[in-house]
Amino acid sequence: MIGDIVLVLSFVIALIGTVRFRKLTMPFKVLAIWLVIDFLLDASNSWVISTYKNNARLSHMLCILEFNFYAVVYYILFRSKYIKRFIVITIFLFLVFFLINAMYLQPFVRVFPTNAIMVEEILYVLFAILLFKQMLQYPVQVNITKQSVFWFNTAILFFSTTMFLNLALMNYIGEHHIRSEIVLYFWHTIDIIFALLSGIAILTDKKEIIIKNAE
Amino acid sequence: MQNDSIPIQADNIDAIVIITGLLLASLVCSIVYFVVLYRNKQLKNKKEQEELEANFRQELLKTQLEVQEQTLNYISSEIHDNITQILSFVKLTLGSIASGIEEGKKAKVIETRELVAQTITDLRDLSKSLSFEHIASQGLIRTIQQETERINKSGLIEVSLEQDGNSYSLGEQRELVLFRIFQETLNNTLKHAGAKHLKIILQYQVDLFNLTLEDDGSGFSAEALENKGGSGLRNIENRAALIGGTATIDSSPGKGCAIKVVLNPLKQQLF
């Protein structure tokens, strides 16, 4: 039930992103494209499970695609050429790590890529903190609640920090053979909040704010 | 696997709820803290930007005033040293011509000589009102008085001057700016107001100086001022700000116009 809510929400936000695509700034155009891909991959989850008995393949694909899209969004949002260079390097290094992990550590056909996700989330937290720092360095004379960058960054920070807890809970429950739906609900709640925050980011994004920021 | 699994215990649920709650609370606190920091930065930035703009405007105005003063001084010295000298020579020549010609023509030459003499006097007065040195040496009240007399003599408008309190020096630069404000107002009144009377009030108090200029002309609405741009009136406000004062303009259609410049004489203002 809660999984369906997440899927419907993903669809609505992907739709909003598509409808508002022309009005969006470049980083949020990239985000809108990703939201559509994310929805399609989420929607194909049931089919993948019924075909391959698990969704490990899909999770691996989601992990690498998601990182590349978000890294590109952050690449555009950052002003510092050093941070931009750092992002390019992380994209390359993460790809190498992802391939090693998918081939040897957590085979993509049967194991969920928790290693790659952990690294990915750490990088997201780092990007989010650096972007908040940049926002403080170059404040724009626009109410912060009307700034898409704030909502997007809050979404990423929320998702990546809570994901640690979620993975820790999964490990704990897995190791102790505890039967509980709590992790599933927790996961979906994170997804819902993340989707809502991303939706606000897509809805509040306006080209004028970026122009003001550039001034 | 299903048979080996155990239901989650109450202690575990409590721990999960506490950890999750703490994490979410710290996350929310961090975001709120960031929003507060950001708001403070926005305000600080806005203030700095406004200060920079104000400084820039002041610098620009200062430069404009300096250029204007240089130009006026040049015109003043040209009138005094060149034009009035030539006219004095013309006056002398007319005087010598008058002594050697017949009576009928003599009256006309004398009349012309008197006109030239009047022009010389008027030009000298004008030269004085333009000259920074003259304003600095005579002081604000004396210069305004002379200007008032000059205008009253012309018959264009009736100007009255009132003084309240014992006068004191406001400093050369401030008095010069105040005199230019007076001239700008006088110019506006003559050109646009269609007024018959202009009342000038100078109030000297211990910690307050007040220059009020009131006319009984056609006046104008605030909207008209906005639409026309009102650069002259805005200049008055900017000039007052430059000497650390404030100018208020009060007018409405058919009710004339009152311009009031208030400043604290004890407050030092860099100019």
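Angles under 35 degrees count as roughly parallel, over 145 as roughly antiparallel, 65 to 115 as roughly perpendicular and the rest as oblique. The model is predicted: local features need pLDDT of at least 70, side-chain atom pairs count only at pLDDT 80 or more, and totals for chains, interfaces and linings use all residues. Residues are numbered from 1 along each chain as its sequence is written, while chains are lettered from A and ligands numbered from 1 in the order in which they are written.

**View 1. Helix 4 and helix 6 of chain A pack together.** Helices (H or I, at least four residues) and strands (E, at least two) are DSSP runs, numbered from the N terminus. Axes are lines fitted to C-alpha atoms, for helices over the stretch in contact; angles run from 0 to 180 degrees between N-to-C directions. The two helices of chain A are therefore roughly parallel to each other.

**View 2. Residues where helix 4 of chain A meets helix 6 of chain A.** Helix 4 of chain A contributes C63(A), F67(A), Y70(A), Y74(A) and L77(A). From helix 6 of chain A come A116(A), I117(A), E120(A), Y124(A), F127(A) and L131(A). Contact requires C-beta atoms, placed from the backbone, within 7 Å. The contact residues divide into 10 nonpolar, no polar and one charged. Ala, Val, Leu, Ile, Met, Phe, Trp, Tyr, Cys and Pro count as nonpolar, Asp, Glu, Lys and Arg as charged, and the others, Gly among them, as polar.

**View 3. An open sheet of five strands in chain B.** The strand order is 2-3-4-6-5, with mixed pairing. Strand 2 (158-164) and strand 5 (246-251) of chain B each have a single partner strand, so one side of each is left without a neighbour in the sheet. Neighbouring strands are turned by 10° against each other on average, direction ignored. Two strands pair if DSSP finds at least two bridges between them.

**View 4. Strand pairing around strand 4 of chain B.** Strand 3 (residues 197-205) and strand 4 (residues 208-215) of chain B pair in the antiparallel sense over eight bridges. A hairpin joins them through two residues. I200(B) stands opposite L213(B). Strand 4 of chain B also runs antiparallel to strand 6 (residues 257-263) of chain B, with seven bridges. There, F209(B) has L263(B) as its bridge partner.

Key: Two residues are in contact if their C-beta atoms, placed from the backbone, lie within 7 Å.
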